[in-house]
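This briefing covers the two chains shown below.

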Amino acid sequence: MSDRGPSLCTVTSPASTDRVPPQLSAAPRPAPGPAADEGLARRLRALACTAPIHDLDARKANLAGEYSVYGMAEIALAAIDLVTLNMDFDTGADHDQIVARLMPRIAAQAPRRPVAEHERVARWVLENLINVGSVDRGFRAAYGTFAPDGTYVRRDYDFKLIEEVPGHGGVVYLRTTDEAVNVLVGALDTDVTSAQIAAEVKLEVLVRRGRLADAQLAAEQARYRTVQYSETLRRALEATRRNVRAVDWLNAVPDMIAEALDHVADRYRHENAILTNIRKARDEIEDAENKRRAAELVDIVKDCIRRHTQLQSRLLEAGPLFRAEQDRQAFATPMTSSGIDLYGHLVTPVLPLPLEQAVRVTDAFFARGTGLRTPVAVRVGDLVDLLLTPPVEREHLGAEMPEPDLIATPDDSRFSEEQLAMAKELLDLPADAPRRLSGLLEEARAKDGEELAYLVALLAVHAASPAVGTAYRQGEEKLLFAVDDGRELDDPGFGGADLIVGTALLDAAGMAADRTEAA
Amino acid sequence: MTEHVEWSDTEAPAPAVHAAVTPADAADAARLVSFGLLPKLQPARDQEYAELLRRYREDPAFARLADAVAAGLGLIVLEVSPRAGMAVTAAEDSVFAVRMGDYARRTSADGGDRFLHGLAHLSVAAMAFPRPEDLADDGYIGRVSVNGVDAFVRQACRRLEERAEEQGENTDPASDAPGLEAAWRIWARRSATGATKDARRLAGSTTGIVGKAVAFLTDSGFLQRTGDDGGGTYRTTARYQLQVRDMAGGAAMAELLELGVVPVTDGSPTLLPAEETDDLDLVADAGLPFHS
């Protein structure tokens, strides 16, 4: 599949068609001031974010092969959807998993095409959303604005839709950027908090009026908002964890955590209320289609609640973590603090500088901060030898593995498999007919002698305290139990209580149902 | 430093035993300097090295001789001690100096890449010695991870982005003047990582750039690899602390002052613990989302 490489979508401002540059004419400025321009710039940026998606459909004609059947924009939006829903606190979405989940939709678009082609399309779309060909792995759009002094400035807007982030063990995960989430939700450039509240209020109203089709859309939007919101918070927590000095311990952090917890609690109450309402709606609705929609809604809101709970646990962990860091950093024996604060004196001032100036500082640090390298001295004689030596053939498979010498371990178990099977058979009692241990022992002796009786006695004693919880969890249908009713065991080989041994039936189906409900 | 040697010969003939420098002494001094050129070699692991270090500390004439050898080779002696060994570093224009062009390709053509590599080194140091006390405390051992450094720079960039947004500033650079783009944007827009065909780190990504920096510093004997978490974790050596404290930090500060960026207060800016002011500065926009 041929790929045209990085795509630079170009968005130009309509303002560029202005008659005369304002500073050249004495007439009043024809362009609106920077304040009005800002809104325009924001909309232009929002527009730019959609460009890569349109671009996919425009560029599919350039691919080697017949790809016009595929709706690339649709696949792209579905991909962004999948990544957004799969990204969690710590990790993002797995590349291959996204491709796999995209396949059914692509296959539905062109069922007669081979599966390999479907996968190629999925990968092409995903790679183009990451924009693999460019060094930044992002997009750039140009637009124009008026500077405060009235001059017209052409600017570059850099953005990403799906970004690759490092996960545990060097794995690369995918995350959708805020820009992408905004494009997807359709509410461009809005405040996270207020949009979430708005979406939820809307949902509640819709559910009450029974307009479920709209409600589902709103619920999905609420979930995207929740994800976006968690992402914002995760970043803030990460930052505070890294550098205690960077945050105000006395007021700002505790306030922030308290506010965030309030917020989560608020959302939790709210979403639980919605959940109750929708559940009611789900049970009351007669129409099958609406019932299904309501059920889907319940799932979505449950997912929202799960994400909020996750957020809350993170918030609760933050306090102890801060205190530990505080102990480590602030209460240590005070050192004579002299010298350079690398972060405060160098990193912080350098970052806002224009590139031209910043590079002078980093160059100076690099030149003296990297240490020394002993220069390599090459002798012509060595070089000739080196160049003329034929490359060493590498053994493809490596050295031969020695055959492992296996020694059979002696079977030292006290009872044989047959004995166990016989004992089990003996103890396989009907649920309504428990038996005395003494009777069982006699039968065992008659069958296979003292050894079997010993095994039966052991199993019966073991059953005196049956692992009901484990059996319950594993979904067992019955359980052996033994009870002591005070009668003495009269037996030549064993002493103690003459236990009553029986089988208890467990309600496996009911337990399974309980488990799913609990989860 | 060569002057010192002459002085010692003429003016200080007191220790009669060492008055005359024999070729064997010169060889020993040069040998000590050559040990210093092997930055990963630990004095505790090599008896001859330890012996020469002891001699340097106990025999002033020998010390001056070794200093002279180092100076003649274009080396600056940072410290000579059992913990750091013969800590020498390359003077500017020395054959031992590391040049950006040799360090990474594309850096001469692309100012952005050049900056990213430099900032990676600065950030590794800032992460390894987060407080001025850490840099001053000889016993301090810093710990860094590749992903940690990247995340920490990104956080700083994000803060600047938020501040710019608060002030309603448009930080998108003008298309015809890429050199005027704010430095933090270069890092922020470069992707943190990327999938490659052979499962190696994408060299052009920021974690790739930081990974290159820490690997290079490890070869310089400045870091020691301790694990694979977070893209690779490292701890600092005494040499790195010396290098950053005595060489790199000061040089970068001087450059910054020349740009007129740091206001010079009381004539001793580097000695001031600027923490308090920093704190206030950062708290105001520490990226906490729930204040509005």
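Two strands count as paired if DSSP finds at least two bridges between them. Helices (H or I, at least four residues) and strands (E, at least two) are DSSP runs, numbered from the N terminus. The model is predicted: local features need pLDDT of at least 70, side-chain atom pairs count only at pLDDT 80 or more, and totals for chains, interfaces and linings use all residues. Residues are numbered from 1 along each chain as its sequence is written, and chains are lettered from A and ligands numbered from 1 in the order in which they are written.

**Sheets of chain A**

- Strands of a sheet pair through backbone hydrogen bonds, in either a parallel or an antiparallel way.
- One open sheet of chain A has 3 strands in the order E6-E8-E7, with antiparallel pairing.
- Its edge strands are E6 (435-436) and E7 (478-483) of chain A, each of which pairs on one side only.
- E7(A) and strand E8 (residues 500-505) of chain A run antiparallel and are joined by 6 bridges.
- Within this pairing, A:Leu479 has A:Ala504 of E8(A) as its bridge partner.
- A:Glu164 is placed opposite A:Leu174 in E5(A).

**A helix pair in chain A**

- Helix H13 (residues 417-427) and helix H14 (residues 437-448) of chain A pack at an angle of about 140°, and their axes are 11 Å apart.
- Axes here are lines fitted to C-alpha atoms, for helices over the stretch in contact, and angles run from 0 to 180 degrees between N-to-C directions.
- The crossing of H13(A) and H14(A) is right-handed; a crossing is left-handed if the near helix is turned anticlockwise from the far one by less than a right angle, and right-handed if clockwise.
- H13(A) contributes A:Gln419, A:Met422 and A:Leu426 to the contact, and H14(A) contributes A:Leu440, A:Glu443, A:Ala444, A:Lys447 and A:Asp448.
- Two residues are in contact if their C-beta atoms, placed from the backbone, lie within 7 Å.
- The contact residues of H13(A) and H14(A) divide into 4 nonpolar, 1 polar and 3 charged.
- Ala, Val, Leu, Ile, Met, Phe, Trp, Tyr, Cys and Pro count as nonpolar, Asp, Glu, Lys and Arg as charged, and the others, Gly among them, as polar.

**Loop residues with positive phi**

- A:Asn131, which is not a glycine, has a positive phi near 60°.
- A:Asn131 sits in the loop between helix H4 (115-130) and strand E2 (139-146) of chain A.
- There are 22 other C-beta atoms within 10 Å of A:Asn131, so it is buried.
- A residue is buried if 20 or more other C-beta atoms lie within 10 Å of its own, exposed if 12 or fewer, and partly exposed in between, with C-beta atoms placed from the backbone.
- B:Asp93 also is not a glycine, and its phi is positive at about 70°.
- The loop that holds B:Asp93 runs between strand E2 (85-90) and helix H5 (100-103) of chain B.
- B:Asp93 has 7 C-beta neighbours inside 10 Å and therefore counts as exposed.

**Chain totals**

- Chain A contains 17 helices and 8 strands, and 31% of its 519 residues are buried.
- Chain B contains 12 helices and 5 strands, and 44% of its 292 residues are buried.
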